[in-house]
Amino acid sequence: MGEVMIPTTPLAEPAIWIEVLSRLHHDVAARYRFIDVPITVGRAYDNDVIVDDPHVAAHHLRITRGENGALVAEDLGSLNGLYVDRARKPTKEVTLDAGHELSIGATVLRVRTAAHEVPAETPMLRGLPYWPSAVLCIAGVFALAALDLWLSETNEPKAIRYFTPLLILTVAVVVWTTGWSVLTRVFTGRPRFGLHFLIVAAGLLGYSVYSQLAEIGAFALSWTALANSSYVFAWLFLGGIVFAHLLAVNRARRPLKLVIALILVAAGVAMQTLKQSEYRSTYGQPALLSRLEPPALRLVSPQREQAFFTDAEALRAKLDKARTEEPAGGEPQSEEDDE
Amino acid sequence: MRASAFARSAGRGIALVFGALVASATVSAQSGSPAPPAAQPIQAPVPPEPPLMPPTPNVSAAAESIYAVARPGLLQIRTLVEAAGRQSSIGSGFLVSADGLAVTNYHVVSQYALEPKTYRLEFARPDGSQGPLKLIAIDVANDVAIVKVDGTDLPHLEFDPAALEDKSPRGERLYAMGNPLDLGFTIVEGTYNGFVEKSYNARVHFTGAINPGMSGGPAVTAAGKVAGINVAKRLDGELVSFLVPASKVSALFERAKTEPPLDLGHVRDEIDRQLVTWQGAFYHALGEQGFKAATLGPYEAPESAAPWFNCWARTNADQTPKPRAQLDSTSCSSQSSLYIAEDIETGRAELSHAYVRSVDLNPFQFAAFVSQYYGGAGMIRSWSRKRLTQPECHEDFVQRDDGGKAGPVMRTVWCARAYRDFAGIYDVAITTVTQDRDKEALVSRLAMQGVSYENAVTLAQRFLGELAWAK
């Protein structure tokens, strides 16, 4: 890092550290050790800390000790002033008792003494690395996809039928994971490939299991909507995966990331619902159970024939209502009936 | 692919013989058979008289004198687009009374009947005179319409007494007249071959060349009396044409003489009324004729005993590569189609059964195979946004009520759609898949067009009730 050691002689006063912080994440960019006040900060070369920031005055800030011995920072009459923490108004002078962050121009500084207490040491995570679970999950996804393909195989079996979708899935997972890793590396310096891989693999596995259960459940419970609403859950899983990826990049701004994920889900579901309803109104296709299962999987007891036809008769009112409405999106009916 | 189990025979297209000039020589296929209209051969110029039957000198002389007598009573009937003043379709017709009543096909005037503000009717006579036509009466089921020409003491044709009693002798020579393809009035010789056996609506089988534009023209006996009117022809045969029998034409003519003329503001209501009446009789007759049980594997399935069904069987056993589930299907389609407009045909019923059994599919794969035949609304004709509402469906597992034949649990879907133009009639299809075995299933479907909701429910209940285990 940019640490500069200034030769000192030991004194009774604890050493003073001036830390220049990065603009984006407020990490320490440079750290200077002093043993005595006053310390001056500015662009000019007669300062103790020189800041190459055009918005900083030649002599911007001076740190001294107040009457009670506490460190005090004062503005030396700069144009852009001194701001403490996130204050909206500049300050002339501030007592540095609680590790304040000082903004001068576009530069952020922090002043700490050697007496500053640091938090306890966090233990190293020496648990399992992420990738074995990720590989396990992705294997599950592949197995389910292959099983689904095999169980719907009604023609001559052909290897290419399995190979192509699985290859596409593999490429998609690799590209997706790499994209998130690059992003993470840009922000935090560590790609965290294993974690991102685990997130996408677990998400895909969750959705695969759900969609299979939904298909079978739709038949077993005679609940067609369960299978036909799978796409909503696909978007929910995608939203969850994106949220997890964003958290894996760093832990900051959780509400914002949650909102981003929710917007993605809402937009996706809205788009697909609209597309489906337009498809139905264009081609007049009803939403019916699309896949039957072996009869043994049926859980509900069958409707009595009489009840079935009562339900069928109930559709008549809907049809008669639709009849008098104009064709959806079509040309209006001729007017002769209205005379 | 989905419909293939219920594939109907190929190439049974029937064309109505009126010319739609917009599409040149194209005619709309009348039958609801799946043969696409494209199957209709674009006619090479057809000589006015068919050279197939070289006429003997005296027959030719007969045709000559018949044409000379009948000619003044003939009409060409044109439907014009009001805004453009040009014809959009043409047909033929003929005068049947001195005060100007004339006969043609309903389908010749259907555009005008449904949209009287967009179109108007005009006639042209062989002598070149033209004038407006009034629509007086229609009979949708028999495809007849009565129109009126202004005038008195007009030359007209009379009905053949034998034909009025449906007693014409088979083999009688008939002469069909009309204006084919807008080429000019012609006379065509042909033979009366009795009533079409499998048609629910009475149709005379006429062996002679009827072409687009001749619809509504008369077919007369050697004595010059009307035995029927030209209406349609088969596209997959040669000289296989159809006439509306004189008795049906005369019935509407007699009614038109006494009843007030059709209210042009409410033609749809009149068509609706006729369709409701027609389906009442048709589905009642279908029920009366009853069902006979066909055995398909371990199941017993109902087939209609009515004579006006055309049945076809299909199997996939001879396919290569060898199918992994064997499918044997029968599909029966009623010959009762009604033409209402270019994009509305109705009046057919279809009964299909497909017996499927696994060759080497496991139960899941077998269920996936059967799913191909389960999905979809199962209707006879494709959906038209302008004419039909979106289908509404109800699906569930169904168990037969106690008291009926012993039968399996069935996965059943009921779909219905309403006609936007006509209240009281619907298209309904019920499809059912047996759920008692994991490698065998019977997929059955009953599809009904232009049926009242009550009739649909009654017939569907009966249909389900007849699906049972074979004894």
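Over all chains, the structure holds two disulfides. Keep in mind that this is a predicted model.

Start with C311(B) and C332(B), which form a disulfide with their sulfur atoms 2.0 Å apart. C311(B) sits in strand β17 (residues 309-315) of chain B and C332(B) in strand β18 (residues 325-334) of chain B, so to speak two distant parts of the chain, 21 residues apart, that the pair links. The link of C311(B) and C332(B) is right-handed, with 115° about the S-S bond.

The other bridge joins C393(B) to C415(B), with an S to S distance of 1.9 Å. Its torsion about the S-S bond is about 110°, so the disulfide of C393(B) and C415(B) is right-handed. Since C393(B) lies in strand β22 (residues 392-399) of chain B and C415(B) in strand β23 (residues 410-418) of chain B, the pair ties together parts that are 22 residues apart in sequence.

| Cysteine | Relative accessible area | Class |
|---|---|---|
| C311(B) | 40% | partly exposed |
| C332(B) | 4% | buried |
| C393(B) | 22% | partly exposed |
| C415(B) | 1% | buried |

The cut-off behind the table is simple: buried means under 20% relative accessible area. C393(B), at 22%, is therefore partly exposed. Over in chain A, C137(A) has 15% relative accessibility, so it counts as buried.

Zooming out, chain B has seven helices and 26 strands. Of its 471 residues, buried ones make up 61%. Take the contacts in chain B between residues at least 6 apart in sequence: 66% of them join residues at least 24 apart.

The axes of helix α5 (residues 267-289) of chain B and helix α7 (residues 453-466) of chain B come within 11 Å and cross at roughly 15°. That angle makes α5(B) roughly parallel to α7(B). Their crossing is left-handed. Which residues make the contact? From α5(B) they are Q279(B), G280(B), Y283(B), L286(B) and G287(B), and from α7(B) they are N455(B), L459(B) and R462(B). Sorted by class, the contact of α5(B) with α7(B) has three nonpolar, four polar and one charged residues.

In chain A, V37(A) and P38(A) are joined by one, with omega about -5°. P38(A) is in the loop between β2 (28-34) and β3 (39-42) of chain A. In chain B, a cis peptide bond joins T320(B) and P321(B), and omega is about -5° here too. P321(B) is placed in the loop between β17 and β18 of chain B, and those two strands hold C311(B) and C332(B).

Next, positive phi angles. L181(B) has a phi of about 50° although it is not a glycine. Look for L181(B) in the loop between β9 (173-178) and β10 (186-195) of chain B, where it counts as partly exposed at 24% relative accessibility. R192(A) is not a glycine either, yet has a positive phi of about 50°. R192(A) is found in the loop between α2 and α3 (193-220) of chain A and is partly exposed, with a relative accessible area of 29%.

## Two buried residues in chain A

R192(A) turns up again as a contact of T184(A). T184(A) lies in helix α2 (residues 159-188) of chain A and is buried, with a relative accessible area of 0%. Leaving aside neighbours within four places in sequence, T184(A) is in contact with G189(A), R190(A), P191(A), R192(A), H196(A), A248(A) and V249(A).

Then there's I241(A), found in helix α5 (residues 230-249) of chain A. I241(A) is buried, with a relative accessible area of 8%. Not counting residues up to four places away in sequence, I241(A) touches W176(A), I199(A), V200(A), G203(A) and L204(A). For a sense of scale, the C-alpha atoms of I241(A) and L71(A) are separated by 48 Å, and the two residues are 170 residues apart along the chain.

Notes:
Residues are numbered from 1 along each chain as its sequence is written. Chains are lettered from A and ligands numbered from 1 in the order in which they are written. This is a predicted model: local features need pLDDT of at least 70, side-chain atom pairs count only at pLDDT 80 or more; totals for chains, interfaces and linings use all residues. Side-chain values use heavy atoms; hydrogens and water are left out. Axes are lines fitted to C-alpha atoms, for helices over the stretch in contact, and angles run from 0 to 180 degrees between N-to-C directions. Helices (H or I, at least four residues) and strands (E, at least two) are DSSP runs, numbered from the N terminus. Angles under 35 degrees count as roughly parallel, over 145 as roughly antiparallel, 65 to 115 as roughly perpendicular and the rest as oblique. A crossing is left-handed if the near helix is turned anticlockwise from the far one by less than a right angle, and right-handed if clockwise. Contact means heavy atoms within 4.5 Å. Ala, Val, Leu, Ile, Met, Phe, Trp, Tyr, Cys and Pro count as nonpolar, Asp, Glu, Lys and Arg as charged, and the others, Gly among them, as polar. A disulfide is a pair of cysteine sulfur atoms within 2.5 Å. Buried means under 20% relative accessible area, exposed over 50%, partly exposed in between (1.4 Å probe, protein chains only).
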